[in-house]
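Good morning, everyone, and thank you for making the time.

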Amino acid sequence: MALTKPNQQLRRDLKEAAATLKWAGVDLFGVAKRMLAAGDEEGANELMKIAFSFQETEDKLAGYAEEVKAGQIIRSKPD
């Protein structure tokens with residue numbers, strides 16, 4: 001089944017948000033590694049927690065995008 005334009009846009013937006021979170025998380029891990037190497041274990045741990053939460057949210061958004069593709073989530077009209 002082909003997606004409607006609003007659902008296509010929703011899927012693209014979800015995938016884009018997931019990708020943005022992924023790259024932000026990768027960047028945070030890099031900063032956390034440098035902080036750890038500099039001796040700031042507490043700060044590094046805090047950044048790693050944030051990066052992990054980004055990864056969890058990225059996974060959720062990617063899952064929602066797949067639900068849109070499968071027709072389980074439908075957008076009735078664009079904003």
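Let me start with contacts, meaning heavy atoms within 4.5 Å: among those in the protein chain between residues at least 6 apart in sequence, 67% join residues at least 24 apart. Before I go further, please keep in mind that this is a predicted model, in which local features need pLDDT of at least 70 and side-chain atom pairs count only at pLDDT 80 or more, while totals for chains, interfaces and linings use all residues. Residues are numbered from 1 along each chain as its sequence is written, and side-chain values use heavy atoms, with hydrogens and water left out.

What does the chain consist of, in terms of helices and strands? There are 2 helices and 0 strands, where helices (H or I, at least four residues) and strands (E, at least two) are DSSP runs numbered from the N terminus.

As for overall dimensions, the C-alpha atoms fill a box of roughly 55 × 20 × 15 Å along the principal axes. The radius of gyration of the protein chain is 17 Å, whereas a compact globule of 79 residues would have one near 12 Å; this radius is taken over C-alpha atoms, and the globule rule is 2.2 Å times the number of residues to the power 0.38.

Turning to helix 1, we find 33 residues that reach 48 Å from the first C-alpha to the last, close to the 48 Å expected at 1.5 Å a residue, the expected span being 1.5 Å times one less than the number of residues. Its buried residues include Pro6, Leu10, Leu14, Leu21 and Leu28, and here buried means under 20% relative accessible area, exposed over 50%, and partly exposed in between, with a 1.4 Å probe and protein chains only. What covers the buried residues of helix 1 includes helix 2. After helix 1 comes glycine 39, with a positive phi near 100°.

Helix 2 runs over residues 41–69, and its end C-alpha atoms are 42 Å apart, which agrees with the 42 Å that its 29 residues should span at 1.5 Å a residue. Among its buried residues are Gly43, Leu47, Glu58, Leu61 and Val68, and the buried residues of this helix pack against helix 1 (5–37). Just after helix 2, glycine 71 takes a positive phi of about 85°.

Which residues of helix 2 might we look at individually? Threonine 57 has its place in helix 2 and counts as partly exposed because its relative accessibility is 36%; threonine 57 and lysine 22 are 35 residues apart in sequence, yet 9.2 Å apart in space, C-alpha to C-alpha. Glutamate 56, also placed in helix 2, is exposed, since its relative accessible area is 54%, and its C-alpha atom is separated by 9.5 Å from that of leucine 21, 35 residues away along the chain. Glutamate 46 lies in helix 2 as well and is partly exposed, with a relative accessible area of 41%; the C-alpha atoms of glutamate 46 and arginine 34, 12 residues apart along the chain, are separated by 13 Å.

To finish with the whole chain, buried residues make up 23% of the 79 residues.
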